[in-house]
Amino acid sequence: MYETIEITIADAVAQVRLCRPEQRNALSELMITELAHAVDDLAGLSLAGVVLSGSGTAFSAGVDLRELRAGRESLDPGAAGRAVAERAKGLMTLIESVPFPTIACVHGAAMGGGLELALACDTIFTTAGSRFALPEPTLGLIPGFGGVRRLLERVGPALASEMVMTGRTLDGGEALTHGLATRLVTPAALQHEAFSALTAGRPRSRAATALARSALRAAVAETRAAAFTEETRLYGDAFALADSRDGIAAFLEKRPPLFAADSL
């Protein structure tokens with residue numbers, strides 16, 4: 001049981017909901033800790049994917065400012081700030097390391113640390129009325145949870161620079177246009193769209209999906225040559241899977257594949 005989040009699992013999809021609606025799902029130390037424990041537990045399950053969303057009117061308005069103010073009273077505020085950033089970075093890295101797809105469903109505000117949390121997911125589905133921004137300089141701070149690099153990877157250096165240095169806010173339509181989000185749907189359809197994305201279509205091997213996810217991460221994080229080398233290694237791993245043997249045979253025999261029981 002958790003105090004700040006809620007988790008349900010249905011049809012191999014875990015839905016993780018931020019549950020501090022009265023604080024617009026601000027990321028408290030407890031919420032970050034609970035999210036990290038939950039993601040770590042979910043990583044050990046055979047899942048088709050995870051959908052992350054917020055309760056109430058916001059996805060997440062950012063880090064809990066009351067806790068930040070208390071941290072500023074420390075004898076060493078610099079060390080206190082770095083501890084906050086490291087704790088949050090650990091969560092974002094953990095989300096990126098799970099072996100299945102992750103989708104952030106953003107309805108309402110995804111501000112500061114809230115946007116950084118969404119960016120740690122593989123993709124973002126959103127609604128027209130949503131708002132995305134990194135307004136930390138208005139607080140005398142900077143984005144510190146890995147969001148600068150992740151935003152740059154999504155939207156490119158020019159727009160990332162504008163958002164970080166001027167606080168430019170994108171609505172849902174702009175987020176879609178600039179590649180920050182990949183789907184724009186109605187609020188009522190948001191969760192269903194994410195669930196369908198993870199479960200609909202032709203059967204797919206979860207083991208192969210995990211390897212493909214690793215190849216994508218390498219393509220972002222490594223040099224071009226290193227990414228190609230890692231992709232080749234992972235292709236060999238996939239080729240050795242029992243799932244690939246049956247997947248190829250099923251295609252040639254025009255039948256559904258018989259992937260491992262934990263596949264979808």
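## Crossing of helix 5 and helix 6

The crossing between helix 5 and helix 6 is right-handed (the near helix is turned clockwise from the far one by less than a right angle). The model is predicted: local features need pLDDT of at least 70, side-chain atom pairs count only at pLDDT 80 or more, and totals for chains, interfaces and linings use all residues.

Helix 5 spans residues 147–155 and helix 6 spans residues 157–166; their axes come within 7 Å and cross at roughly 140 degrees. Helix 5 is therefore oblique to helix 6. Axes are fitted to C-alpha atoms, for helices over the stretch in contact, with angles from 0 to 180 degrees between N-to-C directions; under 35 degrees is roughly parallel, over 145 roughly antiparallel, 65 to 115 roughly perpendicular, and the rest oblique. Helices (H or I, at least four residues) and strands (E, at least two) are DSSP runs numbered from the N terminus.

From helix 5, Val148, Leu151, Leu152 and Val155 meet Pro157, Leu159, Ala160, Met163 and Val164 of helix 6 (contact: heavy atoms within 4.5 Å). The contact of helix 5 with helix 6 comprises 9 nonpolar residues, no polar and no charged ones.

## Packing of helix 9 and helix 10

The axes of helix 9 (residues 206–221) and helix 10 (residues 224–239) lie 9 Å apart, at an angle of about 175 degrees. Helix 9 is therefore roughly antiparallel to helix 10. Helix 9 contributes Leu211, Ser214, Ala215, Ala218 and Ala219 to the contact, and helix 10 contributes Ala227, Glu230, Leu234, Asp237 and Ala238.

By class, the residues of this contact are 7 nonpolar, 1 polar and 2 charged (Ala, Val, Leu, Ile, Met, Phe, Trp, Tyr, Cys and Pro are nonpolar; Asp, Glu, Lys and Arg charged; the others, Gly among them, polar).

An open sheet of 6 strands has the order 1-2-3-4-6-9 with mixed pairing (strands pair if DSSP finds at least two bridges between them). Strand 1 (5–10) and strand 9 are the edge strands, each pairing on one side only. Helix 1 packs on this sheet and touches strand 1, strand 2 and strand 3 (49–54), its direction making about 20 degrees with that of strand 1. Helix 8 (residues 190–199) also packs on the sheet, touching strand 1, strand 2, strand 3, strand 4, strand 6 and strand 9; its direction makes about 165 degrees with that of strand 4.

Strand 6 pairs in the parallel sense with strand 4 (residues 102–106) over 4 bridges, and Ala104 stands opposite Ile124. Strand 6 also pairs in the parallel sense with strand 9 (residues 183–184), over 2 bridges. Here Phe125 is opposite Arg183, and Thr126 is opposite Leu184. Within strand 6 (residues 123–126), Thr123 and Phe125 point one way, Ile124 and Thr126 the other way, and all are buried.

Strand 7 (residues 131–133) pairs with strand 8 in the antiparallel sense over 2 bridges, and Arg131 stands opposite Asp171 in strand 8.

Arg20 lies in the loop between strand 2 (13–18) and helix 1 (29–43). Arg20 counts as buried because its relative accessibility is 13% (buried: under 20% relative accessible area; exposed: over 50%; partly exposed in between; 1.4 Å probe, protein chains only). Not counting residues up to four places away in sequence, Arg20 touches Thr4, Asn25, Ala26, Ser28, Met31, Ser55 and Asp64.

Technical notes. Residues numbered from 1 in each chain as written. Heavy atoms only, no water.
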